[in-house]
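Here is a short report for a first look.

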Amino acid sequence: MEEIGVRPVELAPGIKDLGVSLVRPELLSNLDETDLYLRQKRLERHLEMLDLQEEYIKDEQRNLQSELLRAQEEVKRICAVPLVLGQFMEPIDRDTCILSSTAGSNSLARILSTIDRELLKPNTSVALHRHSNAVVEVLPPEADSSIALLGSDERPDVGYADI
């Protein structure tokens, strides 16, 4: 350490190590007992503050863990309802999209916050909540190929004028 300009400090005889780094021993020998007492009290107050912060963080961590468990149970409850198959058509914003159900109707639906938005591409198969039509899961491409067969991709060549 001497090569970088820092030399070890030896304490004067009878002086305890107070955790002060790089303090010259001649300065410590000039301190009277009141200065040391004030330093000790300051360090004790700081220790109490750190103990309070630690306790607060532990309480907050316990609260967040219980909140996480409740949220996971809520997601399980939502996904437990019998699901309907559909196709993701296009996003409107971060939380809503247009999708088509197996019944052939297009609708506006919410996207669950747990869904990976990167997986949502046009014509992706998705699982929908039966009652709210919210997207609750993105299905793999091979999950149900019959969805594409049920959709009407072709328009008839007959118009109202022909009838």
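What pattern does the chain follow, read along the sequence? The pattern is α-α-β-β-β-β-β-α. That comes to 3 helices and 5 strands. Helices (H or I, at least four residues) and strands (E, at least two) are DSSP runs, numbered from the N terminus.

This is a predicted model: local features need pLDDT of at least 70, side-chain atom pairs count only at pLDDT 80 or more, and totals for chains, interfaces and linings use all residues. Residues are numbered from 1 along each chain as its sequence is written, and side-chain values use heavy atoms, with hydrogens and water left out.

Now the inside. Of the 163 residues in the chain, 18% are buried (under 20% relative accessible area; exposed is over 50%, partly exposed in between; 1.4 Å probe, protein chains only). The largest nonpolar core has 15 residues. Such a core is a set of buried Ala, Val, Leu, Ile, Met, Phe, Trp, Tyr and Cys residues joined through side-chain atoms within 4.5 Å. Cys97 and Leu120 have the most contacts inside this core.

Leu120 touches Phe88, Ile111, Ile115, Val126 and Val138, not counting residues up to four places away in sequence. Contact means heavy atoms within 4.5 Å.

Last, Tyr160. This residue is found in the segment after helix H3 (146–150). Tyr160 is exposed, with a relative accessible area of 79%.
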